[in-house]
Amino acid sequence: MRINKLIITDFGPYRGRNEIELSSTEDSPIVLFGGKNGAGKTTLFEAIGFCLHGKSSLGRRTARKDYEQAIRSKLHEYPDGKADTAAVRLEFEYSHMGEVDHYSVERSWRDRGKSIVEDLKVRRNGEIPSELNEDQWQDFLKELVPPGVSQLFFFDGEKIQELASAVESDADFEDSMYSLLGLDLIERLDTDLSIYISQKLEESGVDGIKDEIQELQNQRDEIEQEFEDLKQEREEKEQRLAELEDEIDRKESKIAQEGGSYADKREELKERRAELNASIEQLEDQIRDLAEGAYPFTLAPDLCESVVDRLKTETERQNRATARNELTDELDDVLGDEDIWEEMDMPEDQVGQLSDRIQDKLKSRLEIEDEEPELAHQFSEAQRQGIYSLTDRALNDVPDQLADLTESLEDKTRELQEVESGLNKAPDQEVISPLIDDLNELTEEKGAIKSRLEELEEEISTAQTRLERKENEVENKLEQKSRVEDVSERADLASDVRNAVKDFREELAKKKLRKLESKLSERYITLSNKGDFYDKIQIDEENLDITIKTIHGNSKPHTELSAGERQIFATSLLWALAEISDRPLPFIVDTPLGRLDNDHRDNLITHFFPEAAHQVIIFSTDTEIDDHQYQKLEGYISQAYRLEYDEEEGKTVPSEGYFWTEDDEDQRSLGEITS
């Protein structure tokens with residue numbers, strides 16, 4: 001991880017928007033901030049932690065109200081009042097699996113009086129991480145830069161003093177050491193397992209569930225027996241039904257041999273015979289009516305057609321005669337009208353001649369004979385229509401009607417003969433009656449069995465449903481028992497895991513302590529002003545007692561170190577722990593050189609700051625890193641800033657350059673933006 005830029009807005013003494021470049025190189029890993037007490041060095045140091053971890057930066061057990069109070073105290077104070085918003089943005093690059101991603105993390109706060117509203121924005125290569133929801137961003141940052149691990153890299157003089165005091169008094173040093181080694185996580189796991197085991201044991205109740213399962217199984221067995229009994233009865237009824245059907249078939253066959261089928265139909269045949277006799281009598285009456293009516297005319301069709309033609313001819317002649325008479329009468333009336341002739345100025349002697357000529361001409365046109373024809377018969381119109389209807393029926397309808405009636409008569413007569421034959425074949429009642437009684441008994445039993453089979457089907461279906469429901473209850477209770485047993489088993493397993501965790505913790509502690517022992521020896525000898533005298537550091541695995549071996553083979557307990565040596569030892573310890581954490585994070589150090597003599601300061605300046613990490617951000621006063629130390633560091637510095645507090649404005653102004661530059665007048669502001 002390499003931090004490239006810090007943007008801080010209305011946070012602490014920083015008014016408006018302040019953008020600070022923090023980029024560094026491998027050859028020049030140091031970014032140096034200089035400022036006197038109260039200038040805002042610690043604010044920048046804390047702002048980085050707040051931006052990355054929010055409430056977690058104050059510790060794992062920090063209450064929300066304490067965190068909000070801390071944020072409220074950081075809101076910048078303007079001359080006319082306190083800001084109600086603040087923000088910190090951090091831009092950095094992070095390498096993973098050989099690929100470098102660029103991240104920006106911005107955390108902002110708004111004071112709403114009763115509470116602080118916090119907003120977090122995360123971008124990777126300029127885009128929102130698509131695989132994460134907003135509520136997962138904080139967990140993502142914790143995974144990227146774990147708060148516990150970051151404490152090894154982000155530390156101030158106060159933390160160095162606390163660790164040095166722990167080394168001096170040995171108070172809580174074991175807990176601090178295990179926490180820095182990451183072994184406190186295993187301790188928490190052991191505690192969590194202990195709580196888990198207690199909870200699971202309380203959930204136990206296997207015996208009571210066993211009793212419930214036994215009761216359910218007994219109920220299921222009773223239903224299952226009832227179900228099997230019903231199926232057995234159904235099987236027996238079906239077998240008896242098959243036997244009855246065979247007996248009925250045999251009985252019906254014997255009755256048939258005795259003419260039983262005719263006996264069963266005797267009354268029916270008698271009724272049918274009466275119906276047929278009535279039908280035959282009716283058909284004969286209908287045939288007789290046809291024979292007495294139009295039927296004779298069907299025997300002389302040519303004569304019928306001749307009569308019809310003659311009637312038609314006479315009708316036409318009669319109609320023409322009538323028309324002629326009517327026309328002649330009308331013509332006589334017209335020719336007799338004297339007004340017509342007077343209008344025509346016709347001489348009287350010519351009137352008669354002209355009238356005769358007109359009448360002759362009309363007769364010629366109408367082909368009217370002078371004498372009326374003599375009709376063969378004098379029929380009225382109604383009589384002629386009756387003759388037409390009679391001949392039409394005789395020629396068209398009567399033959400078909402007679403054929404249908406004759407055919408029906410033949411069919412009925414033939415059926416009557418069959419009925420008479422059947423009646424003749426029927427046996428005496430004394431012979432067939434016992435057989436029919438037996439058949440009736442068999443049929444009645446068959447009906448009763450069929451009815452019982454229908455009832456059995458319903459009872460079997462109901463019993464099957466009850467059985468399935470009870471089996472489900474048993475299965476659910478067995479699953480509950482399995483879960484409870486699983487709870488017990490998991491409690492046992494958790495106990496085994498707890499033992500394994502303890503063994504693992506011991507082995508891991510030994511491994512980490514050996515690695516720490518090697519790195520701590522190397523780093524302490526490098527930073528100590530007695531490096532030529534000390535040979536190595538040893539850490540006891542049992543009680544974490546730390547001793548320093550000299551080149552002469554003597555041992556010196558770490559509790560006998562001086563105050564300055566303890567601070568150097570604590571710094572070496574943090575350096576060694578950071579190295580074995582395998583996290584490529586930058587070191588961020590706030591006021592690290594207090595209470596150190598010049599030799600130890602020179603060792604930190606010469607070895608720790610240039611070599612501790614690929615990027616080292618230092619917040620120092622002018623007395624910690626003075627002109628002499630600055631000249632030693634200058635070749636490793638990529639960026640240098642001075643933090644100056646303006647008491648009149650009540651704000652800190654960051655500018656480029658450290659305390660000592662060739663021309664302070666050339667200092668240039670970092671583009672402060674005030675709101």
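Student: What is the strand order of the open sheet of five strands, and how are the strands paired?

Tutor: This is a predicted model. In the open sheet, the five strands follow the order 2-1-6-7-8, and the pairing is antiparallel.

Student: What makes strand 2 and strand 8 stand at the edges?

Tutor: Strand 2 (14–21) and strand 8 each have a single partner strand, so one side of each lacks a neighbour in the sheet. The twist from one strand to the next averages 10°.

Student: How do you know that strand 7 and strand 8 are paired?

Tutor: Pairing requires at least two bridges. Nine bridges join strand 7 to strand 8, and the two run antiparallel; they therefore count as paired. As an example, Tyr-103 has Arg-124 of strand 8 as its bridge partner.

Student: Which strands does helix 1 touch where it packs on the sheet?

Tutor: Helix 1 touches strand 1, strand 2, strand 6 (85–96) and strand 7, and its direction makes about 105° with that of strand 1. Helix 2 also packs on the sheet, touching strand 1, strand 7 and strand 8. The direction of helix 2 makes about 80° with that of strand 8.

Student: Why is helix 1 called largely enclosed?

Tutor: Of its 13 residues, 11 are buried, so helix 1 is largely enclosed by the rest of the structure. Among the buried residues are Leu-44, Phe-45, Ile-48 and Phe-50.

Student: How many aromatic pairs are there?

Tutor: The count comes to 10 aromatic pairs. In one of them, the ring centres of Phe-45 and Phe-619 lie 6.4 Å apart and the planes stand at 80°. The limit for a pair is 6.5 Å, and planes over 60 degrees apart count as edge-to-face; the pair is therefore edge-to-face.

Student: What does the pair of Phe-45 and Phe-619 tie together?

Tutor: Phe-45 lies in helix 1 and Phe-619 in strand 14 (residues 616–620), so the pair ties together parts that are 574 residues apart in sequence. Both Phe-45 and Phe-619 are buried.

Student: Why is the aromatic pair of Tyr-630 and Tyr-658 called stacked?

Tutor: The cut-off for stacked is under 30 degrees between the planes. For Tyr-630 and Tyr-658 the angle is 5°, with 5.1 Å centre to centre, so the pair is stacked.

Student: Why does Tyr-630 count as buried?

Tutor: Buried means under 20% relative accessible area. Tyr-630 is at 11% relative accessibility, so Tyr-630 counts as buried. Tyr-658, with a relative accessible area of 0%, is buried as well.

Note on methods:
Residues numbered from 1 in each chain as written. Predicted model: local features only at pLDDT ≥ 70, side-chain atom pairs only at ≥ 80, totals over all residues. Heavy atoms only, no water. Buried < 20%, exposed > 50% of the residue type's maximum accessible area, 1.4 Å probe, protein only. Helix = DSSP H or I, 4+ residues; strand = E, 2+ residues; numbered from the N terminus. Phe/Tyr/Trp six-rings, centres within 6.5 Å; stacked < 30°, edge-to-face > 60°. Axes fitted to C-alpha atoms, helices over the stretch in contact; angles between N-to-C directions. Contact = heavy atoms within 4.5 Å.
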